[in-house]
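Please look over the structure shown below before reading on. The briefing that follows takes up its ligand site, its surface and its charged pairs.

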Amino acid sequence: MSKPDLAKLSSLSPFELKDELIQLASGDANRLMLNAGRGNPNFLATVPRHGFWQLGLFAMRESERSFSYMPEGVGGFPRRAGIEERFDLFAREFEDVPGVKFLAGAVSYVRDQLGLNAGDFLYEMCEGILACNYPVPDRMLKLSEVVVGQYIRKEMIGSHPFIGEFDLFAVEGGTAAMTYLFNSFRENHLIKAGDTIALGMPIFTPYIEIPELNDYQLVELMVDADPKAGWQYSKQELDKLRDPKVKAFFLVNPSNPPSVRMSDESLEYLASIVESRPDLIILTDDVYGTFADNFVSLFALCPRNTILVYSFSKYFGATGWRLGVIATHRENIFDEQLAKLPEAQRKALHKRYNSITTTPDQLKFIDRIVADSRTVALNHTAGLSTPQQVQMVLFSLFSLMDTPDAYKQAMKRLIRNRKAALFREIGIAPENADDPNAVDYYTLLDIEQLGGKAIGPEFVKWVLDSAEPVELLFRLAEEAGVVLLPGRGFGTRHPSGRVSLANLNESDYVKIGRSIRKLFEEYVKRYNEATGNKADAKVTKK
Ligand SMILES: *Cc1c(COP(=O)(O)O)cnc(C)c1O
């Protein structure tokens, strides 16, 4: 490939570059493309989906009890009276059908563990799955919020001390959460054009790109994770947040692409910084938290300052469902900062939200996000579609009843076995093999780390001098049909490729590992020829 070509390609965004790589990798019709660039999982949770379809059939029975004299296909709303008894009959009649036992268990869990009324719950679920009413309340259906809140508590807070309650807004996935949040921060003057926001780097690219948009014009300050320290943030980097000029800190935890969770030490250090920066807004995107054991979110440590974003997309293999939540503590700095805005801004916001409440000044930030999501005026039709909320509730109950975390262990085994297969074939052990904070949804193949470990720093220097990092990705695509994403696009400082461990089978990771080994051996050969060294590419490194 010619040099100018590469220079042009180096300037593309990672997702544009991915399209180019896919084109190259799919060029040979006799060869299967191995696209490890995608974060979309190739597995999915079956039990709560079976539950969804069976619940749908039960809800149809409920509906068809009304207007049954009409032959034209007209049903009515479910009836609250006797619904629990009718469900028990249904569950007994179909107990051998996949999903029915799960549903019966879920109803029992809601009643016997969460202390909710089973009939009310079944009614909300049936009405929700039939989708015969607007979502009310618009932020989230009432019992659905309680159930999903319990799931968030289990997975994001765990046994960490946590005082008080939090609110949830059910949204169309983590990316919708980001869109809504950025917009409401701006509309409510919590973050203004010209403000500085800190980003925990490397990071999922939209967090870099959105703040730079003309709509926001924010100044970005990078808080870099250190690859040599297992991709943790050093105290020195976190100390950047002490600067009062920094309005907010946005991070993905566990990170994407390094896929490690913040260490307990870093979490506590950050919490201590927040004590001296009580106005600091934290936005934490914890979509990968459920792939870790005993995960603790920053939301648990700094509940007043933190907005939590969680998505069901990855853990349940549910990207097409579009399911996520935004969580804020009932006592939070966002509502406090709204109350302290200058008079003129408060007046303007009073007018903005006047059409939806008689007390617009008291409208909580999270409810403003709901209103803003439908341009305020259409607030009465805001909210996530009710069947989506039902599936979210069933995913949550599945996980709450999943003791002792059998599904979680299966998820972890699946991705870790793929990682082991990849590195075994590359012949170089991963840097973070024993890291308790490694989550391994993705793995970063870092040229400096791998090349340094296998041969030495002179080799790394030679490779970087003689090849553009994108050239390596292009050769993998063109010659082996393997697509990886460049780490650079996510803001990594080292040349690297991101391998998603979620979207191919183990045998594919074996093939990817072999292709990388072949390329590596070729570069070692060229290095030896160019420098007269006798580096041995065949020695495997632990
Ligand atoms: C995949 C991913 C999401 C998921 O977004 P959805 O809109 O829920 O599919 C969110 N944040 C990060 C960091 C991700 O990697």
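Is arginine 111 buried, partly exposed or exposed? Arginine 111 counts as partly exposed, because its relative accessibility is 32%, where buried means under 20% relative accessible area, exposed means over 50% and partly exposed lies in between, computed with a 1.4 Å probe and protein chains only. The model is a predicted one, in which local features need pLDDT of at least 70 and side-chain atom pairs count only at pLDDT 80 or more, while totals for chains, interfaces and linings use all residues. Residues are numbered from 1 along each chain as its sequence is written, and side-chain values use heavy atoms, with hydrogens and water left out.

**Ligand site**

- The ligand is surrounded by 13 residues, the closest being Gly174, Thr175, Tyr288, Ser311 and Lys314, where a residue is near a molecule if one of its heavy atoms lies within 4 Å of it.
- By class, this shell holds four nonpolar, six polar and three charged residues; Ala, Val, Leu, Ile, Met, Phe, Trp, Tyr, Cys and Pro count as nonpolar, Asp, Glu, Lys and Arg as charged, and the others, Gly among them, as polar.
- Oxygen atoms of the ligand lie 2.6 Å from a polar side-chain atom of tyrosine 288, 3.3 Å from an N or O atom in the side chain of lysine 314, and 2.7 Å from a polar side-chain atom of arginine 322.
- On its own the ligand has 390 Å² of accessible area, of which the protein covers 93%; accessible areas come from the Shrake-Rupley method with a 1.4 Å probe, and for residues only the protein chains shown count as cover.

**Surface and a buried proline**

- Phe67, Tyr69 and Val74 make a nonpolar surface patch of about 330 Å², a patch being made of residues with over 30% relative accessible area and no salt bridge, with like charges joined within 9 Å and nonpolar side chains (Val, Leu, Ile, Met, Phe, Trp, Tyr) within 5 Å.
- Valine 74 belongs to the loop between α3 (47-63) and α4 (83-93), with helices (H or I, at least four residues) and strands (E, at least two) taken as DSSP runs numbered from the N terminus; valine 74 counts as partly exposed, at 34% relative accessibility.
- Proline 206, in helix α9 (residues 206-212), is buried, with a relative accessible area of 17%.

**Salt bridges**

- The whole structure contains 38 salt bridges, each defined as a side-chain nitrogen of Lys or Arg within 4 Å of a carboxyl oxygen of Asp or Glu.
- Glutamate 84 and arginine 111 meet through their side chains in a salt bridge of 2.7 Å, N to O; glutamate 84 lies in helix α4 and arginine 111 in helix α5 (residues 100-112), so the pair ties together parts that are 27 residues apart in sequence.
- Arginine 330 forms a salt bridge with aspartate 167, with the closest N and O atoms 2.7 Å apart. Because arginine 330 lies in the loop between β9 (324-329) and α13 (333-339) and aspartate 167 in strand β2 (residues 166-171), the pair ties together parts that are 163 residues apart in sequence.
- Within that pair, arginine 330 is partly exposed, with a relative accessible area of 42%, whereas aspartate 167 counts as buried, at 2% relative accessibility.
- Arginine 374 forms a salt bridge with glutamate 172, with the closest N and O atoms 3.5 Å apart.
- Salt bridges that share partners join Arg139, Glu145, Asp167, Arg330, Lys364 and Asp367 into one network.

How values were computed: Polar contact = N/O pair within 3.5 Å; in protein donor to acceptor, adjacent residues only side chain to side chain.
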